[in-house]
Amino acid sequence: MELLQELTASVDQLRAIGFLSRPSADFVIHHRELQQQWEARDTHTQAERILHKQRVLCLMIDFAAQAIQLALTQSLTKSREDVEEAVEAMTLALKTCADSVLVFAEQNAEARKAVQMHCSQHISLFLELLSGKFPGEGLRSAAARVLANVTFECTDASCKIVHDSRATFLLECSRHLDETNPCLEEWAAFAIRNISASQDGQRWLQQRFVPQHRGAEPNFNVDACPRSH
């Protein structure tokens, strides 16, 4: 429950960020729907509670992805304030996505995978943020953390990454130190190790001559590496 409360706070913070707080029909409607779903959490059975929580988490992920898309447009302006505001929104939105996957963690594998697969619909967006084209401290680390969490014991999500041309950004992040993005190499390495657990992932890595971390277990939100926020 504590993580869920943190997530709702992150969503409300997103809604309050300058350019996202301006009237934007789709974004406002999405936020209102999310609030209504959260407030309607008085369900009866355990199975109903899990399904309701799953729906809310998927809405949070879509809301965060929408915020990132709007922030990317905002970051194209020449105003330094606009760019800083956009980076703040993107970093917070990525944290929301990564934390949403964590809610079920290993307690309910089926529900966790459902949330992971929903989050994986935005894989291309997360990979694009690894490119380094968008300035901002911690932005790439936050994107890599999402990918590490989404690929944990989730072959379908891993396959989506290896079949995306932007996947090379993930490999580059695992090889190079970036002082403005703490733990970027570690989060990228965790994602790659998770990907290597699938046959498609192994073939993809072999084609690029990347060590496959043989014998290592897939990792999920490893405590040794602190969160970006």
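## The aromatic pair

Rings of Phe, Tyr and Trp, the last by its six-membered ring, pair if their centres lie within 6.5 Å. This is a predicted model, and a search of the whole structure finds one such aromatic pair. The partners are W187 and F190, with ring centres 5.7 Å apart. Their planes stand at 85°, so the pair is edge-to-face; the cut-off for that class is over 60 degrees.

## Where the pair sits

Both W187 and F190 belong to helix α11, which covers residues 184-195. Three residues separate them, about one turn of the helix.

Are these two residues buried or exposed? W187 has 0% relative accessibility, so W187 counts as buried. F190 has 11%, and therefore counts as buried too. Buried means under 20% here.

## Helices α1 and α5

Helix α1 spans residues 2-16, and helix α5 spans residues 80-102. Their axes come within 10 Å. They cross at roughly 155°. Angles over 145 degrees count as roughly antiparallel, so α1 and α5 are roughly antiparallel to each other. The crossing of α1 and α5 is left-handed.

## The contact between them

Which residues of α1 meet α5? On the α1 side they are L3, E6, L7, S10, V11, Q13 and L14. On the α5 side, the contact takes in A89, L92, A93, K95, T96, D99, S100 and L102. By class, the contact of α1 with α5 holds eight nonpolar, four polar and three charged residues.

Technical notes
Residues numbered from 1 in each chain as written. Predicted model: local features only at pLDDT ≥ 70, side-chain atom pairs only at ≥ 80, totals over all residues. Heavy atoms only, no water. Axes fitted to C-alpha atoms, helices over the stretch in contact; angles between N-to-C directions. Helix = DSSP H or I, 4+ residues; strand = E, 2+ residues; numbered from the N terminus. Parallel < 35°, antiparallel > 145°, perpendicular 65-115°, else oblique. Left-handed = near helix turned anticlockwise from the far one by under 90°. Contact = heavy atoms within 4.5 Å. Nonpolar A, V, L, I, M, F, W, Y, C, P; charged D, E, K, R; others polar. Phe/Tyr/Trp six-rings, centres within 6.5 Å; stacked < 30°, edge-to-face > 60°. Buried < 20%, exposed > 50% of the residue type's maximum accessible area, 1.4 Å probe, protein only.
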